[in-house]
Structure formats: structure tokens, C-alpha cells
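Here are my notes on the model below. Please read them with the coordinates open.

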Amino acid sequence: MTDRKDISDAAMKARLLEMKAELARLAHEHEHDSDVVELDQTTQGRLSRMDALQGQAMAQEVARRREAEIRRIDAALQRIEDGEYGYCVTCGEEVALKRLELDPATPNCIECARGEEA
């Protein structure tokens, strides 16, 4: 448990678990979107196959991003368990409560996040 008095670990944990459950639901709902595209010219025209390949590539990227977000959520849940939630993983300073409310999985304070963008 974090020693910050302005953060409810239980509330943040519940939000993170809710976010993770929603991502898992979406992953299950779209699990076949990135299946191998059939390239049978007798059943599909060239443009239809190109559209299908583009759709497959987009679905694979969405799945990759979803998995990355689940890893961020898991890391935040681990920080809660370790008593380090609410503190920047880079500099150790407090992460602003508004920032955590907006994105409970955020690992960095705004200063360090800006530094990563540069």
C-alpha cells in the first residue's frame, strides 16, 4: 500500500482491473480479426484481398497496442502491491493525482514523461 494519503489504492486497483477486463473482452471479441487472409483468386478479387490484408495488418497492430496497455496496467497493479504506486518510476517524485485519475496506469510524472517525448 502506498503511503500517499490522496490516493485510494483500492479505488485505483478497481479502475485498473476494470480497464484490464475491458481490454480482455475486446481481445476476445476481435480474436479472429487478424487471422490469415485467404488468397484464393477464384473467390476474391485483387482489391478485396488487398482490403482484407490491410484489415488484418490493422487488427494485428490494435492487438499489439492492447497487449502493451495490459502490460502497463499489470505494472501499475504491481506498483500498488509493492507500495510504490503514485510515484514516478523514473525520478521517484509523486505523480500528480489528476494525472493518475486520467490514466491510472501512468508510470511517470509529467516532467519525466516530457523528457521521454524529446
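1. Which residue's side chain does the side chain of Asn108 meet in a polar contact? Thr90, at 2.7 Å. A polar contact is a pair of N or O atoms within 3.5 Å; within protein, one must be able to donate a hydrogen and the other to accept it, and residues adjacent in sequence count only if both atoms are side-chain atoms.

2. On the basis: this is a predicted model, where local features need pLDDT of at least 70 and side-chain atom pairs pLDDT 80 or more, while totals for chains, interfaces and linings use all residues. Residues are numbered from 1 along each chain as its sequence is written, and side-chain values use heavy atoms, without hydrogens or water.

3. Asn108 sits in the loop between α3 (97–102) and α4 (110–117); helices are DSSP runs of H or I, at least four residues, numbered from the N terminus. Asn108 is buried, at 5% relative accessible area. Buried means under 20% (1.4 Å probe, protein chains only). Beyond neighbours within four places in sequence, its contacts (heavy atoms within 4.5 Å) include Cys88, Arg99 and Glu116.

4. The search of the whole structure finds zero disulfides, meaning cysteine sulfur pairs within 2.5 Å. For Cys88, the nearest cysteine sulfur is that of Cys112, 3.7 Å away. Cys88 is buried, at 4% relative accessible area.

Definitions and conventions:
Helix = DSSP H or I, 4+ residues; strand = E, 2+ residues; numbered from the N terminus. Buried < 20%, exposed > 50% of the residue type's maximum accessible area, 1.4 Å probe, protein only.
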